[in-house]
Amino acid sequence: MIIYLAGPMTGKTPETAKAWRDHVIMELEPDGFVLTSPMRVETTHLKAKKLIAADAFGERSKIAEMRPSAIYERDMFDVRQADIILANMNDADVASLGSSHEIGYADALGRATIILVARPGNIYRDHPIVAQAAGVIFDELDEAIHYIRMNYAPYVREQRYVREVAIAAEENE
């Protein structure tokens with residue numbers, strides 16, 4: 001089961017934008033979940049910058065992976081592949097256009113589970129379109145992690161068991 005980790009990056013340090021994602025990966029990867037993060041390239045190339053800015057991803061970027069078209073294609077691919085979208089919007093100081101688009105795209109694709117983490121009063125929790133697209137809303141990230149583990153880990157274990165049985169059957173042929 002694949003989980004895409006959506007959340008604000010603009011105006012954040014690479015370390016801040018990556019920290020909560022690393023926490024989720026550390027918590028859920030041992031359960032067999034596959035987690036994809038849009039930060040897997042940005043942190044490699046943005047270490048020298050103090051804040052991630054929209055212009056850091058300009059068309060003139062010497063790093064092909066950082067061009068807007070490449071970032072868009074990669075992130076939309078990740079959303080298409082994901083079974084679950086976990087959008088942590090608690091650190092959104094301003095509207096995050098990329099994360100909003102990812103939530104909307106996932107909803108348009110009919111993703112069964114969009115989990116939004118946003119405290120009461122957060123612009124995302126109170127926005128009627130985003131709140132409607134979110135299947136479940138939590139105040140805190142660890143609540144969402146617990147929900148995923150309790151509700152989806154059995155499916156991951158079942159998928160793993162089916163794969164192991166298939167591999168064993170092939171080996172016995």
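Here are some questions and answers on how the terms for this predicted model are applied.

Because this is a predicted model, local features need pLDDT of at least 70 and side-chain atom pairs count only at pLDDT 80 or more, while totals for chains, interfaces and linings use all residues. Residues are numbered from 1 along each chain as its sequence is written, and side-chain values use heavy atoms, with hydrogens and water left out.

Q: How many helices and strands are there in the protein chain, and what makes a run count as one?
A: The protein chain has 6 helices and 5 strands. Helices are DSSP runs of H or I with at least four residues, strands are DSSP runs of E with at least two, and both are numbered from the N terminus. Along the sequence, the pattern reads β-α-β-α-α-β-α-β-α-β-α.

Q: How do you know that the span of helix H1 agrees with what it should be?
A: The expected span is 1.5 Å times one less than the number of residues. Helix H1 (residues 14–28) has 15 residues and should therefore span 21 Å; its end C-alpha atoms are 21 Å apart, which agrees.

Q: What makes Phe138 and Tyr147 an aromatic pair, and which kind is it?
A: A pair of aromatic rings is described by the distance of the centres and the angle of the planes. Rings of Phe, Tyr and Trp (its six-membered ring) pair if their centres lie within 6.5 Å; planes under 30 degrees apart count as stacked, over 60 as edge-to-face and the rest as tilted. A search of the whole structure finds 2 aromatic pairs. In one of them, Phe138 and Tyr147 are 5.3 Å apart, centre to centre, with 55 degrees between the planes, and the pair is tilted.

Q: Which kind of pair do Tyr147 and Tyr152 form?
A: They form an edge-to-face pair, with 6.2 Å centre to centre and 70 degrees between the planes. Tyr152 is buried because its relative accessible area is 14%, whereas Tyr147, at 22%, is partly exposed. Phe138, Tyr147 and Tyr152 form one aromatic cluster.

Q: What makes Arg149 and Glu27 a salt bridge?
A: A salt bridge is a side-chain nitrogen of Lys or Arg within 4 Å of a carboxyl oxygen of Asp or Glu. The closest N and O atoms of Arg149 and Glu27 are 3.4 Å apart, and the pair is a salt bridge. Arg149 lies in helix H6 (residues 141–172) and Glu27 in helix H1, so the pair ties together parts that are 122 residues apart in sequence. Arg149 is partly exposed because its relative accessibility is 23%; Glu27, at 28%, is partly exposed too.

Q: Which residues are linked with Arg149 in a network of salt bridges?
A: The network links Glu27, Asp31 and Arg149. Arg149 also forms a salt bridge with Asp31, the closest N and O atoms being 2.7 Å apart. Here Asp31 is in the loop between H1 and strand E2 (34–36), 118 residues from Arg149. A search of the whole structure finds 4 salt bridges.

Technical notes: Buried means under 20% relative accessible area, exposed over 50%, partly exposed in between (1.4 Å probe, protein chains only).
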